[in-house]
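Biologist: I am new to this structure. Could you show me how to read a few of its features?

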Amino acid sequence: MPHFDDQALTSEVIESFANTPNTRLKFVIQETVKALHDLVRRTELTFEEWKQAIEFLTRTGQTCTPLRQEFILLSDVLGVSMLVDAVNHREREGATETTVLGPFYVGEHKPMPHGADITKGIAGEPMFVQSRVTDLAGKPLVGAEIDVWHADDDGFYDSQKADYAQLGPSLRARFITDAEGRFSFRTILPCSYPIPADGPVGDLITATNRHPMRPAHVHFLVKAEGYEPLITHVFLDGDEYLRSDVVFGVKDELIAKVQPRTEPTLPNGDAVTGPWHLMTYDFQMKPGAGMVPQPMMSAAE
Ligand code: BEZ
Ligand code: FE
């Protein structure tokens, strides 16, 4: 009988994958075994803890539906989503910084005219967003496609609401840049909001005394022929959760100063009573190609 030795076990398991024909798969699976075995050794994991971990992952899988991806949420709150983003975007060369896609991207919509009101009547303080898409040298990119989406005043996305299929998109739209690379729209001021916290990931956040909040932001997905797709958010300066985003998605370069304004007319000509806000943020695109993300669910018509 060979003498059992846990380091020899690790080597034996790694060696069991030696004939994997796909060299990248072989590398990643062998590194995963190494990291997992090290974790068990370093923590002296008990049977009870391993059982709890398996039950937690089982519940995470069981919470997934066509509209909800609890594993992505887990990856987000563990900072893995941001780390994968970081290792894939090491050299920005002056291009706009990237951040997580999040679970509320639902794909394409018909392009809307510049200056369009995307609120569909949802109440909130008016905000006008004006932006320009350029290359790294500042040359405007004509015909770039921009998908935008954000939460309402109560922190909910349209796709989280029961009547989404009937009502269609709100606080969500697509724009195409003009000859100067510009696009603009009218919306409401977004607020900070909690990630979905009624599942196992929420239980983890509670058990570890973390809060579930994301700072107020607007999501942007910018696509232009010959450039890497840009997945990012623009955050609102002054939000109390900017330094403790539950998914670690904030980068200083993505924080916009949103100006308080009082003029009675928005830049699109809409009359307003009371204060409104102006968000100005430009995007610089990096040359290259890249994968356009697949939405979790498809756009309502
Ligand atoms: C979001 O910003 O929409 C989001 C990102 C990660 C997890 C949950 C929500
Ligand atoms: Fe969001």
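Biologist: Is Gly269 buried, partly exposed or exposed, and why?

Modeller: The class follows from the relative accessible area: buried means under 20% and exposed means over 50%. This is a predicted model. Gly269 has a relative accessible area of 48%, so Gly269 counts as partly exposed.

Biologist: Where in the fold is Gly269 found?

Modeller: Gly269 lies in the loop that runs between strand E11 (258-261) and strand E12 (276-280). Gly269 and Gly115 are 154 residues apart in sequence, yet their C-alpha atoms are 8.8 Å apart in space.

Biologist: Now the ligand. Which residues come nearest to ligand 1?

Modeller: There are 13 residues around ligand 1, and those that come nearest are Asp76, Tyr193, Arg214, His217 and His219. By type, the shell holds seven nonpolar, four polar and two charged residues. Helix H4 (70-77) and strand E8 (217-223) each contribute at least two residues to this shell.

Biologist: Which side chains have an N or O atom at a listed distance from an oxygen atom of ligand 1?

Modeller: A polar contact is a pair of N or O atoms within 3.5 Å. For Arg214, a side-chain N or O atom is 2.6 Å from an oxygen atom of ligand 1. The corresponding distance is 3.1 Å for the side chain of His217 and 3.4 Å for that of Tyr157.

Biologist: How much of ligand 1 does the protein bury?

Modeller: Ligand 1 taken alone exposes 260 Å², and the protein buries 100% of that. The space that ligand 1 takes is the largest cavity.

Methods. Residues are numbered from 1 along each chain as its sequence is written. Chains are lettered from A and ligands numbered from 1 in the order in which they are written. This is a predicted model: local features need pLDDT of at least 70, side-chain atom pairs count only at pLDDT 80 or more; totals for chains, interfaces and linings use all residues. Side-chain values use heavy atoms; hydrogens and water are left out. A residue is near a molecule or strand if one of its heavy atoms lies within 4 Å of it. A polar contact is a pair of N or O atoms within 3.5 Å; within protein, one must be able to donate a hydrogen and the other to accept it, and residues adjacent in sequence count only if both atoms are side-chain atoms. Accessible areas come from the Shrake-Rupley method with a 1.4 Å probe; for residues, only the protein chains shown count as cover. On a 1 Å grid over the protein atoms alone, a cavity is a set of points where a 1.4 Å probe fits but cannot get out, and a pocket is an open set with protein on both sides within 12 Å along at least five of seven lines; lining residues have an atom within 4 Å of a point. A molecule sits in a cavity or pocket if more than half of its atoms lie within 2 Å of its grid points. Helices (H or I, at least four residues) and strands (E, at least two) are DSSP runs, numbered from the N terminus. Ala, Val, Leu, Ile, Met, Phe, Trp, Tyr, Cys and Pro count as nonpolar, Asp, Glu, Lys and Arg as charged, and the others, Gly among them, as polar. Buried means under 20% relative accessible area, exposed over 50%, partly exposed in between (1.4 Å probe, protein chains only).
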